[in-house]
Amino acid sequence: MAETSRGLMLEEPLIFEQDSPGLCGVDLPEPPLVIDRLGGLERQEAIGLPGLSEPAVVRHYTRLSQKNVGIDSVFYPLGSCTMKHNPRINEKLARLPGLADIHPFQPASTVQGALELIDLTAHWLKTLTGMPAIAMSPAAGAHGEFCGLMTIRAALEDRREKRLRILVPESAHGTNPASAAACGFTVDPIPATARGRVDLAAMKAKLGGDVAGLMLTNPNTCGLFEDEILEIAEAVHQAGGYFYCDGANYNAIVGRVRVADLGVDVMHINLHKTFSTPHGGGGPGAGPTVLSAALAPFAPLPAVVHDDRGFRLVEHAAQSGAKPCGRLKGYHGQFGVFVRALAYMMSMGADGLRQASSDAVLSANYLLAELASELTPSFAGPCMHEALFDDRFLKDTGVTTLDFAKAMIDEGFHPMTMYFPLVVHGALLMEPTETESKDTLDRFIASLRGLARRAKGGAAASFKAAPVHTPRRRLDETAAARTPVLRWRR
Amino acid sequence: MSKTYFTSEHEWIDVEGEIGTVGITDYAQHALGDVVFVELPALGKTVAKGTETAVVESVKAASEVFSPASGEIVATNDAIVSQPGLVNEACESTAWFFKLRLSNPAELNGLMDRPAYEDFVKGLE
Amino acid sequence: MRYLPLTEADRQAMLAAIGVVGVDDLFKDVPVPARRDAPVDLPFHAGEMAVEHRLTALAQKNLSAGCAPFFIGAGVYRHHIPAAVDALIQRGEFLTSYTPYQPEVSQGTLQYLFEFQSQVALLTGMDVANASMYDGATATAEAAAMACRVTKRAHILLSGDLHPHYRSVTATALQYSGLDVEALPPDPLGSEDLIGRIGPDTACVVVQNPGFFGRLRDATALAAACHAAGALLVMAVAEPVSLGLVKAPGDMDADIVVAEGQSIGNPMAFGGPGLGLFATRDKYVRQMPGRLVGQTVDGDGRRGWVLTLSTREQHIRREKATSNICTNSGLCALAFTIHLSLLGEAGFRRLARLNHAHAVMLAEKLAPLKGVRLLSQTFFNEFAVALPKSAAEVVEALARRGVLGGVPVSRFYPSYPELDGVLLLAATETTAEADMDALADALREVL
């Protein structure tokens, strides 16, 4: 590489380009001599892994980390992703040997604490949502959607009804139609009203004997509470369908609204959003899925049960006394993520979780109110935990939503979510969460107002050039896709 | 003498005798942005009007190309597979997608001519 | 409440700026019957000390692997994790970032994912790997679905030597997809005939190496038979450390390789989170699920990385996407990559040899015991033995003696009484010879 580092502007080659053949960063004993049992199936050729010492590896990944931003370093208002503070007590507890160094197939008598922890996490989630049952195994939000739709499909099969159409609002996240398709459903989009909510009349017109249910995000992807949700749920139920609520935005209502009171049959919860477990550069997450009594018998296995002999796992349908839809994931779910989420819930408590939702909604409405003069809100407030703007304020400036987002990076902020939801032109979706101080919000507001004025003032060229205060300028995504280079080669 | 027709899905078909040459319109390539990938049908495949026959992708969008008419695929333009950027440069000429031997030329009657298509596009803006 | 920075004065000022009296006004769109005026019936907030006390008490009710002779595997393996791995993955710039949607401020994540993809491709002997899936089981289901897209066929044949969770997850995930999943009976002896069951509609055969019951297989002939019939060979690897010693799936002509990456860099954590590895041939890359990082240049011509080939994914293709996956296992992939970088070629090879040598030692210590019959003639670091009594009861009896002595196969296959006596035993670099002797002594007492 011709690039050289200057000060904190670090240039870091690939690990493969730092190979000192024979070096090793781990000292392992010489293996004892044995007669191998490989049956002649030994790997012959070199694998091609580079050799480095421990300090070289530590420096490499430390330097890579310095090319990233996280919630720890900047305000990260990525709408729909709930980038809230990740408490370090969660990390500490998840590393206790009694929680990290235990195996999923140890005899139940040796993991009573782990089973109790899953049960306790389930208890908190069921109590907060008011739902009677929960499937703990889904690995992420989309996996929770899959779980919920799978239970709906299993319940319909059990009723011997052939209902294969799922209603999904046009504003839905892409995982919704993808999950529905993976369960063999066809997706029927329903339009939104000018108020950014489900068009109740249009939805009712689509209901029928072939409709399995409705998938609705609430608060919805426009950051609005579906104020006709009770009528929506009732209509779906009257038509014989189930109501799937996408819980991606549950952070707005924890402790203030019980999901059970909204007529919901099934909802997944993103522990990595609402319950503070780290996003980790894109996972791991967890998507426990709460279920109504009607769908509970169809929950996937395994399940933790408690009786006078203690806690144990039900891993097979024949032991369950129910009609489980199968198994969705290896082992017993994202246990390490449960530990972190439970530590967070206990830290916040029933009062703190309610306060967090209130603060998240307050902060989003503050952004909406304070930015309305320079940006263009898509819908009238109040919003819930995220504020949605569109690109009308950029009309005729030559600046796009993408340019605006890149300029925000130079101002020291991670951009908001762009171009989602699709129902709004050039969407800018901002989610401050409860983590940010008023000072940070005020600095953000001042910065965005300034950018908007600059854009309107004819500074398009500087927006097109942004970002400049970053390890890399804008990257050529077209070249990356036309001639994919997806791995290092010698 | 050939005649060109247009669909509301932004395909064009240029018909000469029993052979129709199909591509996407300038409006379509502009809406997609830089084209990075094209997938074409197999030679000899029979397609019905309105079915998904080819795929065109940019970095942020994927779009199906629907056949404007029924028939058998008799040629495909492999140049746009190896150089997808040609679609942005010459989508209504050399960057055609495939050629069809039309099985039902009467289907063409329902399509737009160029002035009608231009009006249609104006209505979208 | 230590995580909430707004003061009461801040809240009042913000409410005033919004133009409402109280926060309740912001929730006016919630239908009245659904509003809760008071906190739910759960404990109130607690300080760090109290939370730590409560969860430590739960942790202490578990027997952790480091506190007992430990021989459990079956898809989750106990390996030593160098301290540098955990220190580095806790850097906030990694831990608290999200999917690298903004490449200019995510080059750290993108570069390590590119390194991860490269390492996975090298280990498996394949052309290309994605940026990870949830775990080995879900990756297997995704691979089977992908094989059906590639071949436009519907029959999926699952070996009886494939991990039972991979089998059941695949069967569950695809049960409403119109595909035909055929799972052969459990196969502890390697007697199943896969080639004979390949038919004209077979999209793929899914095998595991090393097998669930421990046996190593050379799948080269199976791959050839699959290809002759127009089908793909999917190979699952539940113990990726084996790839340091055992012939790579790519060298056996596998078309898709899936693996559980937990073994490298990640704790067992009671089975989750895991790390799904997914690799294939260049020609199938557009049918691949999951995120992909690609190399490119920036506006100044400098090398950099971006997410690429996104049109396969749900946020663009929606119901036509190759998968519904969005979040994957980014941080687990980072741990994998750092651990593998620390090991390097020499260390990874030695680690694999150490695992195998310990397993051979264990087999040699147990085979002479009365009533113990070794079922796996070849193996890597885990093998199956047949016992004259219920393996589940033996494992319970061993646990009472403080030994975590393997997994009874009946835990996975309760409806196969012929497997009641079969026990899976694993040894890794962490297994000391004294532990092996403790197991042998305890087994002598129990059998």
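The questions and answers below cover a helix pair, an interface and salt bridges.

This is a predicted model in which local features need pLDDT of at least 70 and side-chain atom pairs pLDDT 80 or more, while totals for chains, interfaces and linings use all residues. Residues are numbered from 1 along each chain as written, chains are lettered from A and ligands numbered from 1 in written order, and side-chain values use heavy atoms, without hydrogens and water.

Reader: Are H5(A) and H6(A) parallel or oblique to each other?

Author: Helix H5 (residues 141-158) and helix H6 (residues 175-182) of chain A pack at about 45 degrees, with axes 9 Å apart. Helices here are DSSP runs (H or I, at least four residues), and axes are lines fitted to C-alpha atoms over the stretch in contact, with angles from 0 to 180 degrees between N-to-C directions. Angles under 35 degrees count as roughly parallel, over 145 as roughly antiparallel, 65 to 115 as roughly perpendicular and the rest as oblique. H5(A) and H6(A) are therefore oblique.

Reader: How many salt bridges are there between chain B and chain C?

Author: A salt bridge is a side-chain nitrogen of Lys or Arg within 4 Å of a carboxyl oxygen of Asp or Glu. Glu57(B) and Arg317(C) form one, at 3.2 Å from N to O. Between chain B and chain C the count is 4 salt bridges.

Reader: Which residue of chain A does Asp86(C) meet in a salt bridge?

Author: Asp86(C) lies in helix H3 (residues 83-89) of chain C, and its partner is in the loop between helix H2 (88-94) and helix H3 (97-100) of chain A. At 2.7 Å from N to O, the partner is Arg95(A).

Terms used. Helices (H or I, at least four residues) and strands (E, at least two) are DSSP runs, numbered from the N terminus.
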